[in-house]
Amino acid sequence: MNKELVIVLDFGGQYNQLIARRVRECNVYCEVHPYTLSLEKIKEMSPKGIIFTGGPESVYNEKAPRCTKELFELNIPILGICYGAHLMTYMLGGKVEKAPISEYGKTEVRTDNSSVLFHNVSKKTITWMSHTDYISELPIGFRSCAITDACPVAAMECTEKKLYAIQFHPEVMHTQEGLKMLSNFVYDVCKCSGNWKMSSFVDETVKSIHEKVGDGKVLCALSGGVDSSVAAVLLSKAVGKQLTCVFVDQGLLRKNEGDEVEAVFGPDGLYDLNFIRVNCKERFYKKLKGVTEPEKKRKIIGEEFIRVFEEEAKKIGTVDFLVQGTIYPDVIESGLGKSAVIKSHHNVGGLPDYVDFKEIIEPLRMLFKDEVRKVGIELGIPEHLVFRQPFPGPGLGIRIIGEVTAEKCFIVQEADAIYREEIAKAGFDKKLGQYFAALTNMQSVGVMGDDRTYDYAVVLRAVNTSDFMTAEPAQIPWAVLGKVASRIVNEVKGVNRVLYDCTGKPPATIEFE
Ligand code: XMP
């Protein structure tokens, strides 16, 4: 198949991968590259179109990122967004200035429907703006095709050269008809036919991994979560038994989870790969004995995981490639590195320093979570794995407040299983962002039969969130909560009270530690 490609050139904006993702939503394959990508390379890739992203700089600053002028002469359609629009203006002889009024947030734009960018877009449409500079003079050959109250050039075009630019961000959800505009660009300007599908991603990734790995050995830390599962299956399709997956069952997993993962990936499972399950819960409980400080617990679990993995890797011998299920949000989160450490998230990201290998393979690096799930479905991975809720690396270790013991793990596993069962029965499982039971370290007095009890309180958490950076407590019907509470106190020994967490994030976090 002739692969159509649109390139996003990254000038340092916040939403670069989002642009690529929106283009992929239009069934056109799209990749993000740094703005320094050479002209030769671009010609070699022969894209159907190029999109310049936004960026934090002012185009007149000396250190502002630039592109070569020749790029505009290749007869490849270009769409400049925000900073990208300024750059196009500046490079082609127009003028960019500090705007008398900066526009931030939702802004009404009046569009000229005769521009192909705005075909079938409302004449007045809400967009997302974030700029202090604006285009004050058009380059020769361009015309303005959208305005706002404060901005005489909210969009411009030079149809002859297939050059387009917009001041606002079509890629973010707040730009109500942004996807339509991007689709107009890729279909009507770039003349893409839209023949790319997730299945093409799967085929091409499998093929390229196969070529890259040759007859090398590949190692994968499989957690059973969606990202590492999808990465492992892609690898298994590409290299079969050259892949070994190590699954560390550290005793901090949800009820039956270890067996479920083994059923799918183990010797009687669905895939052609080597599967090693390391049952080492006693080892972890021993390390965690007496430790109550959340960060210390996280560090111990993370380090012990690495030790176990390292030991297994040594048994396998020389490994050529290490597979990681890194997805795009992991890349930005770890790339920023500027924000305060709220929690040291333990991911397999810590592994490379400890295992001897030649190269890392990260087949999902440019995908968002829901795209990874689509890949999972394409690959035929069972739905209960693909749509599994996020589960933290340190597992139940951070859902047990205070010291972790085998007894407490059992309590929280049982309570959580009941909670999940009832939520699913009530039909809320696909509607909630994340939900789970945790164990407080509070013991309190209760009465069961004629006896006084002094037992633990389980806390139920359910949140709605789209990005997991902020979250709202979910309003679960009382009847469902009541049923869960009564089942937990009746069925789980050691619990006499069930609480519901009504806090959002911020000020709380989703997990308890
Ligand atoms: P918090 O508790 O920070 O959680 O509000 C946000 C999201 O991240 C998940 N989480 C983790 N994921 N390793 C992970 O891979 C971790 O250490 C970790 N801690 C929290 C949490 O479940 C929620 O989805």
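## Basis of the model

Residues are numbered from 1 along each chain as its sequence is written, and side-chain values use heavy atoms, with hydrogens and water left out. Because the model is predicted, local features need pLDDT of at least 70 and side-chain atom pairs count only at pLDDT 80 or more, whereas totals for chains, interfaces and linings use all residues.

## Overall form

The chain contains 14 helices and 18 strands, these being DSSP runs numbered from the N terminus (helices: H or I, at least four residues; strands: E, at least two). Its radius of gyration is 26 Å, close to the 24 Å that the globule rule gives for 513 residues, so the chain is as compact as a globular protein of that length. The radius is taken over C-alpha atoms, and the globule rule is 2.2 Å times the number of residues to the power 0.38. Along the principal axes, the C-alpha atoms fill a box of roughly 85 × 55 × 40 Å.

The domain assignment gives domain 1 (5-189), domain 2 (198-386) and domain 3 (399-501); such bounds come from an automatic or database assignment.

## Interface of domain 2 and domain 3

The C-alpha centres of domain 2 and domain 3 are 28 Å apart. Their contact (heavy atoms within 4.5 Å) takes 13 residues from domain 2 and 13 residues from domain 3. The buried area is about 1000 Å², with carbon and sulfur atoms giving 55%; this is the accessible area (1.4 Å probe) that two parts lose on being put together, summed over both. R254, K255 and Y285 supply 47% of the area that domain 2 buries against domain 3, more than any other three residues.

One salt bridge is counted between domain 2 and domain 3, the term denoting a side-chain nitrogen of Lys or Arg within 4 Å of a carboxyl oxygen of Asp or Glu. The side chains of K255 and E414 meet in a salt bridge at 3.2 Å, N to O.

## Local features

The whole structure has 36 salt bridges. One of these joins E295 and K299, with the closest N and O atoms 3.9 Å apart; both residues lie in helix 9 (residues 294-316), four residues apart, about one turn of the helix.

In the segment after strand 18 (495-500) lies P506, joined to K505 by a cis peptide bond with omega about -15°. The peptide bond from P506 to P507 is also cis, with omega near 10°. N75, in the loop between strand 3 (49-52) and strand 4 (78-81), has a positive phi near 65° although this residue is not glycine.
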